[in-house]
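Welcome! Please take a look at the sequence and the structure before reading on.

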Amino acid sequence: MDPNKQPLNGQGRSSLLEMMKQRAQMQRSQRSSHSLETPSISSAEQTSRSSEGYSSHASSSNVLMRLIRKFISRAKNYYNCKFLYICHMVPCAIIILYVIHGVRNFQIGDILDNIFGTFKLVKLVEMYVFHYKSEHPMDGSTVTLTIIFKKKESMSSSVQFFNILINRMMRALCLVPIGRQNFNPKGAHVLPQHRLEVWPGYVTAVHEYEGGLKLCLDAKHRVMRTDTVRDLIREIFQKSHHNYQDAVINEIVGTSVLTRYNNKTYRIDDIDFNKTPTNTFSKNGEQISYIDYYQKNWNIEIQDLQQPLLVHRETARLPSGEERTIYLIPELSYAAGLTDSVRNNHYVMKDLSAVTKMSPNQRRDVIRQFVEEVQKNDVTREILAVWGLRLSPDLVQFTARRLEPETIHFGNNKIYKTNEKADWSNAAVKNPVLRTPNLSTWNIIYSMKDKACVKDFLGHLEKVATAINMRINSPKHITLRDDRTETYLREIQNNLTDNLELLVIVFPTNRTDRYSAIKKHVNILQQVIQCKHVKIELCCVQKAIPSQVIISKTISKPPKLKSITEKIALQINCKLGGALWTLALPLKNCMICGIDVYHAGVGGGSRKSVAGFIASLDSQLTKWHSRICMQASKQELVDMLQVCLTSAINAFHKHNGCNPERIIIYRDGVGDGDLDYVENYEVKQLLATFNRIAPNYKPQLSVIIVQKRINTRIFIKGRDGLNNPEPGTIVDSCITRRNYYDFFLVPQNVRQGTVTPTHYIVIHDSSNMETDHMQRLTYKLCHLYYNWPGTIRVPAPCQYAHKLVYLVGQNLLAEPHRSFSDILFYL
């Protein structure tokens, strides 16, 4: 007789199940002692669990799955039955739903005993059987669920589960979710003078780090309007009666609104001016108007019966495949977040900064208060206790290191040792620039009423030029009788000559329509660069003539005129092909690149996205080659990297007489969810480019992802509590990812609030560069952005790429003139 078909007696089965039960109870007691310390923990216990406590199940998992397959196969043959099973992973078990047909007096113990025979099943897996009954939501029939405990899951494989658990905890605290963040409307800070209120909140994310599983927790704020979208529409209508619908669409579409009657947020995708609250929709097979719906369901009486409706399109579709559209009432919707009009108001932003910019000590206090609220709340405490979790009362502590300050090299072999704040603004205007092409022929155009401030500006410009060793000849003055747009256009066109090197235009006010008219009629690009109220623009599509626009208000204030003129002089030098400063860079025959993508913002519609590619041409990193490529709207992955990299390598060869032996690329704007796509799509394009250059051309390639919009915060202990770390602080342990080659860098000094580090992830590296050298090079590159005499958050090529694509995507909407490819015309 086949031994596999000999069932054990009842006594054997009872003893086996009893052993399983005792084993499962022991494991549950051990599991309840495990804890997850947050916001960020460094726990030896946590690390040992990851490396020891769960590693023993990795080998038994595959064995168990083979035994389960064997169980299914033999059960089919022996009992002539059919099994339908679905496996779903949860942190502590695999749920197996099975349906058995044609079997009477079925005993699972008989099958297990027959299959495994003399195998000691208890040593392979601790198994315990649970039975639950539920009601089917469709037909009301009784459904029996049998849950079989299989094994413990490692903490690292349950990251998604823990994030879901944290979201449940946030809902239990009665926080309002907006996007991936949660806010507390009860603690709102009201700004009545601006009709705004600021909601405090939190952003959370559980990840696996080198120091174990941690919760990243940070304080956030959300700006909410106290007036409704209807009030905003009425305000826009009062300013422009004729084209108010276009103005309303540009201001509102793409923003988020909050409906206070249900505390839900919606993204506004469109505005339907043909619908009003008197229109009807189908609800439970009956037609009902929006007026009656809100009266019956929310006891709200709509006042304005002629207002248009806001349109929100949900991403989830109906079972029929149709798109679900939700119409919202403007007078019941409140704008969430900042609009362009609010951002451009200096007084509003100043008052908001006083609330939202938190010091390190204030941010730590907010985190501690959150942990206390979780411990005091019975519901949230129970949510964590059921899974044996707890929140650590304080932040994680670890060791970082700081890079040495850099030395800035100016012209005539002048050097400047940077201080702990990494700022050299005074030295930048007192030392000769590294390279200057000088300025011989240039025009300045202004209206008659601005003649006095233009005269003062030119006087200061002459003094600044002498200090930075730049020769600037006197310009040709073109005085206008009025400030009409047509007058500016006519005089600009009449004075464009072949030997003209620079065109400076002084506008009395900052008017968008005047800028747009100049851009459309004489191909002048507008790049709105806010550098203490300095507006910089250039004209470059058909006539490659650098241009700078200055608002007369910025040069009419004597106390600030000197500093404004210094910045304008440095920017003019860069746009003419000059260089301001450099650093000691040991890498030779190396090309460093930056990539960024621009997407149209609110009101941009289906405007194309723009990808920018910046590459260095010299060893001092003072000369940069630029290329752009237009692609589909909202597309982040770059399609034409081979064209851009080929152009950069050819330009490098033209400048140096050889191809680069090492290429280092910094890719900005990539989130965690797109890392694999960039590695599999963009990196492959870069590697395939080398064969197009030459069959045997194999340079060393490094691709580094730059993430600046992160929630990780780094503090340093001081005498008065916590402080911001100094520029050059490196963290490459404890809070870095376990499966990535990454590090955090604090590159700049902040005067207010809390500094945000930049996260770098090396997704491809064939250069074998040491980690310390990679980190030091990245910090050096943060010194080389010529529009700011100090360190910036990202490497200079990334910031240059950002400025380039913003200029093209926001204003030019076409590829710039090729003669501008090797100069910083976009500053």
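In which sense do strand β8 and β9 pair, and over how many bridges? Strand β8 (residues 196-209) pairs with β9 in the antiparallel sense, and 14 bridges link the two. Please keep in mind that this is a predicted model.

**The chain as a whole**

- The chain holds 22 helices and 36 strands.
- It has 827 residues, and 49% of them count as buried.
- Looking at contacts between residues at least 6 apart in sequence, you will find that 67% join residues at least 24 apart.

**Around strand β9**

- Strand β9 covers residues 212-228 and is mostly covered, with 15 of its 17 residues buried.
- Together, β8 and β9 make a hairpin, and two residues sit between them.
- To place this pairing in your view, look for Val 206, which stands opposite Leu 215 in β9.
- β9 also pairs with strand β17 (residues 333-336), again in the antiparallel sense, and two bridges join these strands.
- In that pairing, Met 224 has Ala 336 of β17 as its bridge partner.

**The four-stranded parallel sheet**

- Four strands make up an open sheet with parallel pairing, and their order is β22-β21-β23-β26.
- At the edges are β22 (476-480) and β26 (547-551), each of which pairs on one side only.
- On average, neighbouring strands of this sheet are turned by 15 degrees against each other, direction ignored.
- Strand β23 (residues 502-507) runs parallel to β26, and five bridges join the two.
- Within that pairing, Phe 507 stands opposite Ile 551 in β26.

**Helices on the sheet**

- Helix α15 (residues 451-467) packs on the sheet and touches β21 (442-447), β22, β23 and β26.
- The direction of α15 makes about 150 degrees with that of β21.
- Helix α18 (residues 558-575) lies across β23 and β26, and it runs at about 165 degrees to β26.

**Helices α6 and α13**

- Helix α6 (residues 159-172) packs with helix α13 (residues 378-386) at an angle of about 165 degrees, and their axes are 9 Å apart.
- Angles over 145 degrees count as roughly antiparallel, so α6 and α13 are described as roughly antiparallel to each other.
- Their crossing is right-handed.
- On the α6 side, Leu 165, Arg 168, Met 169 and Ala 172 take part, meeting Val 379, Thr 380, Ile 383 and Leu 384 in α13.
- Sorted by class, this contact of α6 with α13 has six nonpolar residues, one polar and one charged.

**Helices α19 and α20**

- Helix α19 (residues 641-656) and helix α20 (residues 675-693) have axes 9 Å apart and pack at an angle of about 45 degrees.
- That angle makes α19 oblique to α20.
- The crossing of α19 and α20 is right-handed.
- From α19, the contact draws on Leu 641, Gln 642, Leu 645, Thr 646, Ile 649 and Asn 650.
- From α20, the contributors are Glu 682, Gln 685, Leu 686, Ala 688, Thr 689, Phe 690, Arg 692 and Ile 693.
- The residues of this contact of α19 with α20 divide into seven nonpolar, five polar and two charged.

Terms used. Residues numbered from 1 in each chain as written. Predicted model: local features only at pLDDT ≥ 70, side-chain atom pairs only at ≥ 80, totals over all residues. Heavy atoms only, no water. Axes fitted to C-alpha atoms, helices over the stretch in contact; angles between N-to-C directions. Parallel < 35°, antiparallel > 145°, perpendicular 65-115°, else oblique. Left-handed = near helix turned anticlockwise from the far one by under 90°. Contact = heavy atoms within 4.5 Å. Nonpolar A, V, L, I, M, F, W, Y, C, P; charged D, E, K, R; others polar. Pairing = 2+ DSSP bridges. Buried < 20%, exposed > 50% of the residue type's maximum accessible area, 1.4 Å probe, protein only.
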